[in-house]
Amino acid sequence: MDINFLNNAFKDALPEQIANQKQTDPEFEADNRPIRRMHLNECAYLPSPKVFEAIKEHAPRIHRYPDLHWNEITHALSNYTGMAQNRIVMGNGSDEAIVAAGRITLDTGSEMLASMPSFPSYYKNAIVNGAKLLTTGIQKNGAIDVDLMLSRITNKTKLVFAATPNNPTGGVLGNEDVEKLVEKVPDTALLILDEAYYEFTKYSGAENQLNIMKKRKGPWAVFRTFSKAYGLAGLRVGYILCGSEEVYAGFQLARSTFNVNILAQVAACAALKDERHMQDIVSKTIVERQRIYDGLISLGCRPYPSEANFISAFTPLMAKKIKEDLAKERILISQVNAVGFEKCIRITVGKKADTKAFLYEMTKILAQ
Ligand SMILES: *Cc1c(COP(=O)(O)O)cnc(C)c1O
């Protein structure tokens, strides 16, 4: 095979990429039963009706490019977050922000630090930039292990990802942990706090940890998204709150020019204006999350306490088997990919009927 066209990072990474080419999603023959999508941490509910009105209103403009400065949405987000408008960079989902963070900071010979298990896009970042990936395990409560992370940092570490709540384990960082990161991650590394589930922790009364991040002397950014609590996963809108002019300029340079489309920008503005709708989604999700948690306990599983719209749990069986057995019943879940987590599944919280169907099938699978 001729791979000389690739740079060194891609030459190294390609054999594994080819070996792991993903199969397509399981095919379901025509059948009236619904497919329960409990595998991607999507929102089970539609976004606010205001979102649909905005999309309809702006559809006649789609032959034009979107606002490349995202003026309206960053203005609204400045009010929502308290950050200055010139410290907010929009992304094509926070996934684009994750990729950009790697592009800005990593090189061959540098290191990136993240927990394992955590959000898989982080790891890919190290690979595509030829950087070394350092990983540390997580705490018993499912939060990332800050002390362990700090102990692994070297002067080559340029990028640190801290997800709170951690996906897939759902645990949140305490304020002291965020303070430790803020103080002890050296100024030579960009510290990212990934708050993809911010609206869920806020609803539960947690303190706004953005205020702690603001105390950091070194470079930092906070990532948030419209994909989870606002129900806009399919439109791809995330944003970066940047700690300094340099961090802001770095993300601006790394992003693609018209990265957030017209409909996504107006939808995000409309979604922000309907805070009640979002809170309603969050509160319903928390009710179902508790049902899943209790159900899993009574089935003899060990769920992590979660502050997000998903729950991970250790089960008596291999996660792969549970996932496949549930897929036969048209319930999609995911498994946690990390050493020691072979029996750990992750379930996205859906609606009441999803909870019932999931627990019913789990009962059958575990009784086999
Ligand atoms: C879902 C998720 C994201 C990414 O969401 P986007 O849809 O790309 O905005 C980022 N980080 C974590 C931890 C997530 O769970």
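Predicted model: local features only at pLDDT ≥ 70, side-chain atom pairs only at ≥ 80, totals over all residues.

Residues are numbered from 1 along each chain as its sequence is written, and side-chain values use heavy atoms, with hydrogens and water left out.

**Helices side by side**

Two packed helices are described by the angle between their axes and the distance between the axes. Here, an axis is a line fitted to C-alpha atoms, for helices over the stretch in contact, and angles run from 0 to 180 degrees between N-to-C directions. Helices (H or I, at least four residues) and strands (E, at least two) are DSSP runs, numbered from the N terminus.

For α2 and helix α11 (residues 262-273), the angle is about 145° and the axes are 8 Å apart. On the α2 side you'll find Lys50, Val51, Ala54, Ile55 and His58, which meet Ile262, Leu263, Val266, Ala267, Ala270 and Ala271 in α11. Contact means heavy atoms within 4.5 Å. Sort these residues and you get 9 nonpolar, 1 polar and 1 charged. For that sorting, Ala, Val, Leu, Ile, Met, Phe, Trp, Tyr, Cys and Pro count as nonpolar, Asp, Glu, Lys and Arg as charged, and the others, Gly among them, as polar.

Now for α14 (residues 352-367): its axis and that of α13 (residues 319-328) come within 10 Å and cross at roughly 125°. α13 and α14 are therefore oblique to each other (under 35 degrees counts as roughly parallel, over 145 as roughly antiparallel, 65 to 115 as roughly perpendicular and the rest as oblique). Ile322, Asp325 and Leu326 of α13 make the contact with Phe358, Glu361, Met362, Ile365 and Leu366 of α14. That contact has 6 nonpolar, no polar and 2 charged residues.

How do the axes of α12 (residues 275-298) and α14 cross? They come within 10 Å and cross at roughly 10°, so α12 is roughly parallel to α14. Glu288, Arg291, Ile292, Gly295 and Leu296 of α12 touch Lys352, Thr355, Phe358, Leu359 and Met362 of α14.

**Around the ligand**

The residues around the ligand (a heavy atom within 4 Å) include Gly93, Ser94, Phe119, Asn167 and Arg236.

| Residue | Ligand atom | Distance |
|---|---|---|
| Aspartate 194 | nitrogen | 2.7 Å |
| Tyrosine 197 | oxygen | 2.6 Å |
| Threonine 225 | oxygen | 2.6 Å |

Most residues other than glycine have a negative phi, and most peptide bonds are trans. A cis peptide bond joins methionine 116 and proline 117, with omega about 5°; proline 117 sits in the loop between β3 (111-115) and α5 (120-128). Another cis bond runs from asparagine 167 to proline 168, with omega near 20°, and proline 168 is in the loop between β5 (157-163) and α7 (175-184). Asparagine 41 isn't a glycine, yet its phi is positive, at about 55°.

How values were computed:
Polar contact = N/O pair within 3.5 Å; in protein donor to acceptor, adjacent residues only side chain to side chain.
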